[in-house]
Amino acid sequence: MSKNVYTDEEQYWMMGGNTGTLPTRITPSLINELQPNEIFVFGSNIQGMHMGGAARVAYSKFGAEWGNGEGLQGQSYALPTMEGIESTKLAADHFTTCAKEHPELKFFVTPVGCGIAGYTPEEIAPLFHDAAHLANVFLPVCFWKVLMNITDR
(Lines give C-alpha, C1' and ligand atoms only; values in the text may rest on other atoms or scores of the structure.)
Protein backbone atom coordinates (compact mmCIF):
# COMPACT_ATOMS: atom_id res chain seq x y z
CA MET A 1 0.00 0.00 0.00
CA SER A 2 1.46 3.35 -0.98
CA LYS A 3 1.48 6.43 1.20
CA ASN A 4 -0.97 9.28 1.05
CA VAL A 5 -0.46 11.72 -1.83
CA TYR A 6 -0.50 15.50 -1.71
CA THR A 7 -0.74 17.33 -5.04
CA ASP A 8 1.69 20.11 -5.91
CA GLU A 9 -1.07 22.62 -5.19
CA GLU A 10 -1.74 21.13 -1.75
CA GLN A 11 1.97 21.19 -0.92
CA TYR A 12 2.16 24.82 -2.10
CA TRP A 13 -0.72 25.87 0.14
CA MET A 14 0.58 23.83 3.09
CA MET A 15 3.64 26.09 2.93
CA GLY A 16 1.35 29.15 3.04
CA GLY A 17 0.77 29.66 -0.67
CA ASN A 18 0.79 33.21 -1.96
CA THR A 19 -0.91 34.54 1.17
CA GLY A 20 1.20 32.82 3.81
CA THR A 21 -1.97 32.26 5.81
CA LEU A 22 -3.57 29.01 4.68
CA PRO A 23 -3.64 26.44 7.49
CA THR A 24 -1.42 23.38 7.16
CA ARG A 25 -4.34 21.12 8.11
CA ILE A 26 -5.02 20.08 4.52
CA THR A 27 -6.50 16.71 3.57
CA PRO A 28 -4.35 14.88 1.02
CA SER A 29 -5.96 14.28 -2.38
CA LEU A 30 -5.28 10.57 -2.20
CA ILE A 31 -5.56 8.72 1.10
CA ASN A 32 -4.22 5.17 0.93
CA GLU A 33 -3.51 4.52 4.58
CA LEU A 34 -4.44 5.83 8.00
CA GLN A 35 -2.75 5.78 11.38
CA PRO A 36 -4.84 4.26 14.21
CA ASN A 37 -6.14 7.68 15.35
CA GLU A 38 -7.00 8.96 11.86
CA ILE A 39 -10.50 9.06 10.35
CA PHE A 40 -11.49 9.25 6.67
CA VAL A 41 -14.53 11.57 6.34
CA PHE A 42 -16.53 10.88 3.20
CA GLY A 43 -19.78 11.88 1.55
CA SER A 44 -22.48 9.25 1.71
CA ASN A 45 -26.17 8.78 1.21
CA ILE A 46 -28.43 8.28 4.20
CA GLN A 47 -29.04 4.64 3.20
CA GLY A 48 -25.32 3.88 3.53
CA MET A 49 -25.03 2.44 0.02
CA HIS A 50 -21.29 3.07 -0.36
CA MET A 51 -21.07 2.26 -4.06
CA GLY A 52 -18.87 4.97 -5.58
CA GLY A 53 -16.24 7.64 -5.07
CA ALA A 54 -14.86 8.23 -1.59
CA ALA A 55 -17.71 6.18 -0.09
CA ARG A 56 -16.47 3.10 -1.92
CA VAL A 57 -12.92 3.77 -0.66
CA ALA A 58 -14.25 4.14 2.90
CA TYR A 59 -16.13 0.86 2.58
CA SER A 60 -13.32 -1.12 0.99
CA LYS A 61 -10.38 0.30 3.01
CA PHE A 62 -11.48 2.08 6.16
CA GLY A 63 -14.32 0.15 7.78
CA ALA A 64 -17.41 2.02 6.58
CA GLU A 65 -20.46 -0.13 7.26
CA TRP A 66 -22.92 -1.01 4.51
CA GLY A 67 -26.33 0.40 5.44
CA ASN A 68 -24.91 3.03 7.83
CA GLY A 69 -25.16 6.47 6.22
CA GLU A 70 -23.95 8.75 9.00
CA GLY A 71 -21.37 8.82 11.76
CA LEU A 72 -18.23 7.08 12.95
CA GLN A 73 -17.69 3.55 11.68
CA GLY A 74 -14.34 1.81 11.63
CA GLN A 75 -11.75 4.42 10.63
CA SER A 76 -14.28 6.42 8.69
CA TYR A 77 -17.05 8.93 9.21
CA ALA A 78 -20.05 8.94 6.85
CA LEU A 79 -21.52 12.35 6.15
CA PRO A 80 -24.74 12.18 4.09
CA THR A 81 -24.73 14.66 1.21
CA MET A 82 -27.29 13.26 -1.24
CA GLU A 83 -30.46 14.41 0.52
CA GLY A 84 -30.20 18.16 -0.08
CA ILE A 85 -28.16 21.07 1.21
CA GLU A 86 -30.20 21.56 4.42
CA SER A 87 -29.72 17.91 5.33
CA THR A 88 -26.02 18.22 4.53
CA LYS A 89 -25.78 21.25 6.84
CA LEU A 90 -27.28 19.22 9.70
CA ALA A 91 -24.87 16.38 8.97
CA ALA A 92 -21.92 18.81 8.98
CA ASP A 93 -23.11 20.09 12.38
CA HIS A 94 -23.27 16.47 13.67
CA PHE A 95 -19.74 15.92 12.35
CA THR A 96 -18.46 19.06 14.08
CA THR A 97 -19.94 17.89 17.38
CA CYS A 98 -18.28 14.49 16.93
CA ALA A 99 -14.89 16.09 16.17
CA LYS A 100 -15.21 18.25 19.31
CA GLU A 101 -16.04 15.17 21.40
CA HIS A 102 -13.05 13.24 20.01
CA PRO A 103 -9.98 15.51 20.15
CA GLU A 104 -7.81 12.38 20.18
CA LEU A 105 -8.85 11.65 16.59
CA LYS A 106 -7.61 13.35 13.42
CA PHE A 107 -10.38 13.80 10.83
CA PHE A 108 -9.44 14.01 7.15
CA VAL A 109 -12.47 15.57 5.44
CA THR A 110 -12.62 14.76 1.73
CA PRO A 111 -14.44 17.19 -0.62
CA VAL A 112 -17.79 15.81 0.59
CA GLY A 113 -20.75 16.70 -1.59
CA CYS A 114 -18.55 17.90 -4.47
CA GLY A 115 -18.57 14.66 -6.46
CA ILE A 116 -21.64 12.55 -7.12
CA ALA A 117 -23.88 14.87 -5.03
CA GLY A 118 -23.04 17.72 -7.44
CA TYR A 119 -22.36 20.64 -5.11
CA THR A 120 -19.46 23.09 -5.43
CA PRO A 121 -16.87 23.90 -2.76
CA GLU A 122 -18.50 27.35 -2.53
CA GLU A 123 -21.75 25.67 -1.44
CA ILE A 124 -20.27 23.07 0.92
CA ALA A 125 -17.21 24.68 2.54
CA PRO A 126 -19.23 27.21 4.61
CA LEU A 127 -20.96 24.26 6.30
CA PHE A 128 -17.56 23.43 7.83
CA HIS A 129 -16.85 26.92 9.20
CA ASP A 130 -17.05 25.79 12.84
CA ALA A 131 -15.18 22.53 12.21
CA ALA A 132 -12.36 24.47 10.53
CA HIS A 133 -11.46 25.99 13.89
CA LEU A 134 -10.82 22.57 15.46
CA ALA A 135 -7.16 21.47 15.57
CA ASN A 136 -8.10 17.86 14.75
CA VAL A 137 -10.01 18.64 11.54
CA PHE A 138 -8.21 18.67 8.18
CA LEU A 139 -10.06 20.05 5.15
CA PRO A 140 -9.46 19.88 1.40
CA VAL A 141 -7.58 22.87 0.00
CA CYS A 142 -10.65 23.84 -2.05
CA PHE A 143 -12.65 24.23 1.19
CA TRP A 144 -9.91 26.27 2.89
CA LYS A 145 -9.76 28.67 -0.05
CA VAL A 146 -13.50 29.32 0.19
CA LEU A 147 -13.47 29.67 3.97
CA MET A 148 -10.54 32.09 3.84
CA ASN A 149 -11.90 33.98 0.82
CA ILE A 150 -8.81 33.26 -1.30
CA THR A 151 -9.70 33.83 -4.94
CA ASP A 152 -6.57 32.22 -6.43
CA ARG A 153 -8.36 29.01 -7.38
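1. A salt bridge here is a side-chain nitrogen of Lys or Arg within 4 Å of a carboxyl oxygen of Asp or Glu. The model is predicted. By this rule it holds three salt bridges.

2. Take the pair inside a helix. K89 and D93 form a salt bridge, with 3.4 Å between the closest N and O atoms. Both residues sit in helix α3, four residues apart, about one turn of the helix. K89 is partly exposed, at 36% relative accessible area. D93 is partly exposed too, at 31%.

3. E38 pairs with K106; their closest N and O atoms are 3.8 Å apart. E38 belongs to strand β1 and K106 to strand β4, so this bridge ties together parts 68 residues apart in sequence. E38 is buried, at 9% relative accessibility. K106 is partly exposed, at 28%.

4. K3 and E33 also meet through their side chains, at 3.5 Å, N to O. K3 lies in the segment before α1 (8-14), and E33 in the loop between α1 and β1, so the pair links parts 30 residues apart in sequence. K3 is exposed, with a relative accessible area of 60%.

5. The largest nonpolar core has 30 residues, of which F95, V109 and F128 touch the most other members. Elements giving two or more residues are β1 (38-44), β3 (76-80), α3 (85-101), β4 (106-109) and α5 (141-147). Helix α3 gives the most, with five.

6. Which residues does F95 contact, leaving aside its neighbours within four places in sequence? They are V41, Y77, L79, F107, V109, F128, A131 and V137. Apart from this core lies another, of 11 residues, including I31, F62, A64 and A78.

Methods: Residues are numbered from 1 along each chain as its sequence is written. This is a predicted model: local features need pLDDT of at least 70, side-chain atom pairs count only at pLDDT 80 or more; totals for chains, interfaces and linings use all residues. Side-chain values use heavy atoms; hydrogens and water are left out. A nonpolar core is a set of buried Ala, Val, Leu, Ile, Met, Phe, Trp, Tyr and Cys residues joined through side-chain atoms within 4.5 Å. Buried means under 20% relative accessible area, exposed over 50%, partly exposed in between (1.4 Å probe, protein chains only). Contact means heavy atoms within 4.5 Å.
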